[in-house]
Structure formats: structure tokens, C-alpha cells
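Student: Could you take me through this model, giving the general idea of each feature and then the case at hand?

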Amino acid sequence: MKSRPEAVRRGPAPKDTATGAPTVESLRVHVLEFPTDAPEADGTFAWDRTTMVLVQARGGGASGLGYTYGDRATAGVITGLLHDVVVGLPAFDVPAANEAMSRAVRNAGRPGLIAGAVSAIDVALWDLKARLLELPLADLLGRARTDVPVYGSGGFTTYTDRRLAEQLDGWSGQGITRFKIKIGEGWGTRERRDLERAERARALLGDDAELYVDANGAYTRKQAVRIGRALDGVGVGWFEEPVSSDDLTGLARVRHSVTADVAAGEYGYDLPYFARMIPAVDCLQADATRCGGITVWLRAAALAQAHGLQLSGHCAPHLHAHAAAAVPNLRHQEWFHDHVRIENLLFDGALDPAGGTVRPGRDGEPGLGLTIRPDVADRHRVRG
């Protein structure tokens, strides 16, 4: 997908005629593809590469970045459907831009890659606003905490015992004390191996570590209850998507039948989705690269808090970190292997999870604190 070229600006930066505030002058989109460092799979899907769709929003002499992980077709939504909706709007009024995008996609269908496109732009606009104000985004949003707790996430079903041990040991060496592995291998057809891998992880981590599992919706309802009760014996405290996240009745039944906290929500593409899911989970997950950006992610956090639930950030850790610092009911942020590897490679300003937390904005860098490495971006750019 070709990028829409930025307009060449001559003279002063355009400003909103009513307020004098800077406006969004242009959006540029780039599709980047990163091969995995080993074959990866969970209970219901396998992959060997990860695609990032990255947006740069310019205005007032600054540039903000946002991104989503998804199909390259997302870029076409940004350049074709959303570009002209956003360009020309006041750069400080991010919720207004989010609402304008939501209205513009009504007949195109919001869930899926269109929501990813809205999300990437929304994040880029928040980053732009914070950079224009020369503030870390966490300071612009208002902090509820200094440290954001993280959990190591990976443990793919394709990993050998040795590779799993190396990954867990790597996170432990950074001071991380929360760990998640994938189970549900082969759409739930290898229960014994699922349990053995959980037992092995517990043996490697010791009794004090928090151990989580993610079935990615691979199990049936009764199967999930059976597995969940067996996992009680190894102290698993987090059971993610034990059944499909579309099966809210099943999630609720598993929730009431197992000791571990049941979590889901990563496929939420709008706020009503989270409202429907809340009665079925112990902890709500939300992904700002899918749900409508930071604007909607913060609303999902407030919705969860109103119902006595915590929120956990799903994937894309460097994109979520500043917003996570603004959430009083945050449980933790996923430190997902694929995305950490990509974001550490692509950006200067990546965060350090030493001690099991990250501290966004600690160095005072404005916005998300991320700067694209042009050589890396060019090397992984999808052309044509």
C-alpha cells in the first residue's frame, strides 16, 4: 500500500480559525512486516510474521505516531476512508476526531481492520497533541500511578521445552514475576500436553511467581472447566479466553466454576462490546490498537471501574504504557514477546521492564517518547 504523500507546507502552520489552535495537516501511513524469530502458534492460530500499520500525524510543526497490528489492508482504510475526515480538524480535540471517524465508518462496518485504522490514527493524534504541548502523554492524561506493572507473555504452543525455559528465564532475569503461556494446542485436542506445559512452567518459576494461561478460545465449555480445575493444582491465577470470547454465556459459566480469574476482551472493537462482556469476566482486557485508540481504551477502563473490575492492557506495550499510567483500576500491561521485540527494534525510547514494571515518561520526553528508526522502518517496509 503506497503512502499518501505529506503536503508541502509553505509559511506558518495552519491553525483553526476559531481557536487559533494548530490543525492536523496530514496523515502518512506505512506498512511494516516483521518475521517472527521462531514459528509461533496458540490454541487456534499459527503465524510466522507480524504486520504493523503505522500512522504519522503532522500538525503545528510536530509529528505524532500511532500504530496497530493487523492486515495491511488497514492502510487503505486510513488513506481512503479516514484521511480526509481527520485532516483539517483541530489537533487538540482528539475525542472530536475519534467521533468524526466513528461516524464516517458507519456504513463500512467498524469491527475488524476498520477499528484498527481508527485506533492507529487516534493514538497518533494523542501523541501529536502531547508533543505540541511538550508533555509526556501520561502527564497530559493525568497520572494515577508512576509504575505500570507488566507480565511476560509468550510461551507459544510451538515452543520446545528448552525454548519455553529460556523465555521464562529471560523474563525472570529482568525481575518480572508474572508469566503467561499459551495452552489449548490444536483447538483443545492436546489436553495432557497443555497441563504438562503448565506444570513445567510452574516448576521452572517456583511457587512465588504468578502463572497465567491463555487458551485463545480453544476449549469447549465443559472442557474449559475441567482444564481450569486441573490448573488449580499448579496455582494458575489467570485463565484467558478459556472459551471463545464471543461465547459470553460460556465465559460466565467457566468463571463461576474455576478458581482462576477469567479474562477476555482483546477483540473488543467498540465500547458496547465491553459493556456486554463485563458480567462474564473477572478482569476486562482491552487493546487500544483495536478498540478505537486511547480515547476508547480509557472509556473501557472507566466502564470496568464502575462495575468493580480491573482492566488489563492487551499487547502493544509501548503504545499502552502512558494510558495505563492514567488508569486507577489497572491490573497490568501485557509484555508480549512479538510486540516487545518489534517495538524495541523499531523505536528509540523503548521502555525497560526491569523489576516487573515500566515507568512511561520518566525521562520527560514528550508524547509516547518513541522515535522511529528510519533504517529499520525502511528495511521492513512493505512496498507496492
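Student: In which sense do strand 1 and strand 2 pair, and over how many bridges?

Tutor: Two strands pair if DSSP finds at least two bridges between them, strands being DSSP runs of E with at least two residues and helices runs of H or I with at least four, both numbered from the N terminus. Here strand 1 and strand 2 (residues 46-59) pair in the antiparallel sense over twelve bridges. This is a predicted model, in which local features need pLDDT of at least 70 and side-chain atom pairs pLDDT 80 or more, while totals for chains, interfaces and linings use all residues. Residues are numbered from 1 along each chain as its sequence is written, and side-chain values use heavy atoms, without hydrogens and water.

Student: Which strands stand at the edges of the sheet?

Tutor: The open sheet has three strands in the order 1-2-3, with antiparallel pairing. Strand 1 (26-41) and strand 3 (62-69) each have a single partner strand, so one side of each lacks a neighbour in the sheet.

Student: How should I read the packing of helix 1 and helix 3?

Tutor: Two packed helices are described by the angle between their axes and the distance between the axes. The axes are lines fitted to C-alpha atoms over the stretch in contact (heavy atoms within 4.5 Å), with angles from 0 to 180 degrees between N-to-C directions. Helix 1 (residues 74-86) and helix 3 (residues 113-132) pack at about 55°, with axes 9 Å apart.

Student: Is Met101 buried or exposed?

Tutor: Met101, in helix 2 (residues 94-104), is buried, with a relative accessible area of 0%, where buried means under 20% (1.4 Å probe, protein chains only). Its contacts include Leu82 and Ile121, not counting residues up to four places away in sequence.

Conventions
Buried < 20%, exposed > 50% of the residue type's maximum accessible area, 1.4 Å probe, protein only.
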